[in-house]
Amino acid sequence: MSKLKFTNLQKKIINCRKCPRLINFRKKIVKNKRKQYQNEKYWGKPITGFGDIKGKILFVGLAPAAHGGTRTGRVFTGDKSSDFLYKCLYNANISNKNKSDHLNDGLKLNNAFITAALKCVPPEDKPEKKELNNCFKFFRQEIDILKNLKVIVALGKVAFDTCVEFYKTNYDYRSKVKFGHNEKYNLPNNILLVGCYHPSPRNVNTGRINEEKMTNLFKNILKNI
Ligand code: SF4
């Protein structure tokens with residue numbers, strides 16, 4: 001039943017046209033491909049979540065990347081952030097591969113699902129409030145499908161704040177929270193929210209995050225669920 005619901009939800013997301021500004025922005029990205037991807041056909045549609053719908057962990061980013069997910073058709077795929085993330089997920093035994101290249105690369109997640117709170121890439125990574133509210137209905141449906149969900153890992157401060165905003169809007173959540181790496185907060189329905197630095201090249205290059213630190217955070221989460 002959940003599998004059917006998930007497939008139907010995927011279809012609805014892919015066909016969604018609710019945010020004109022984001023649709024226009026995506027069209028521009030598809031038209032102005034990065035030089036190294038000139039010969040590729042960009043996905044150019046909203047991005048759905050993927051992974052184990054029976055999983056207990058949900059990884060959340062803000063939105064697909066312009067030349068990552070928007071190109072490949074899968075969130076956290078085909079860019080440097082995803083390269084780093086998947087090395088750590090693989091080290092923690094959460095993924096079967098240490099790289100996430102394209103939709104058909106055979107990647108599988110163990111006990112985990114990964115998504116973006118906003119399914120379309122926004123200009124300058126800054127969605128408008130009404131766009132977030134439009135897309136929260138999909139985020140909520142994903143969360144509802146994940147019946148075993150215990151932990152949400154927010155990848156980066158913006159994703160963390162967006163998750164909190166989602167819970168404030170959808171569940172009357174009122175707690176005061178502040179993003180920090182490995183900072184944990186209780187959400188409604190016995191779900192734990194864990195902050196995690198974004199796996200971006202900037203965070204890696206400045207040493208804010210490294211493979212060991214992120215892997216350990218993931219291993220600890222897996223051990224305690
Ligand atoms: S951001 Fe979400 S609601 Fe807006 S067009 Fe994309 S899928 Fe639809």
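H1 and strand E1 (50-51) each supply at least two residues of the lining of the second largest pocket; helices (H or I, at least four residues) and strands (E, at least two) are DSSP runs, numbered from the N terminus. The model is predicted: local features need pLDDT of at least 70 and side-chain atom pairs pLDDT 80 or more, while totals for chains, interfaces and linings use all residues. Residues are numbered from 1 along each chain as its sequence is written, and side-chain values use heavy atoms, without hydrogens and water.

A pocket is an open set of points on a 1 Å grid over the protein atoms alone, where a 1.4 Å probe fits, with protein on both sides within 12 Å along at least five of seven lines; lining residues have an atom within 4 Å of a point.

| Pocket | Volume | Lining |
|---|---|---|
| Largest | About 1,200 Å³ | 41 residues |

Nearest the centre of the largest pocket lie Ala65, Ser81, Asp125, His198 and Ser200. Helix H4 (80-91), helix H6 (157-171) and helix H7 (201-205) each give two or more residues to that lining.

Contact, meaning heavy atoms within 4.5 Å, involves Ser2, Lys5, Phe6, Leu9, Lys12 and Ile13 of H1 and Phe138, Gln141, Glu142 and Ile145 of H5.

Technical notes
Points joined across faces, edges and corners; volume = space filled by probe spheres on them.
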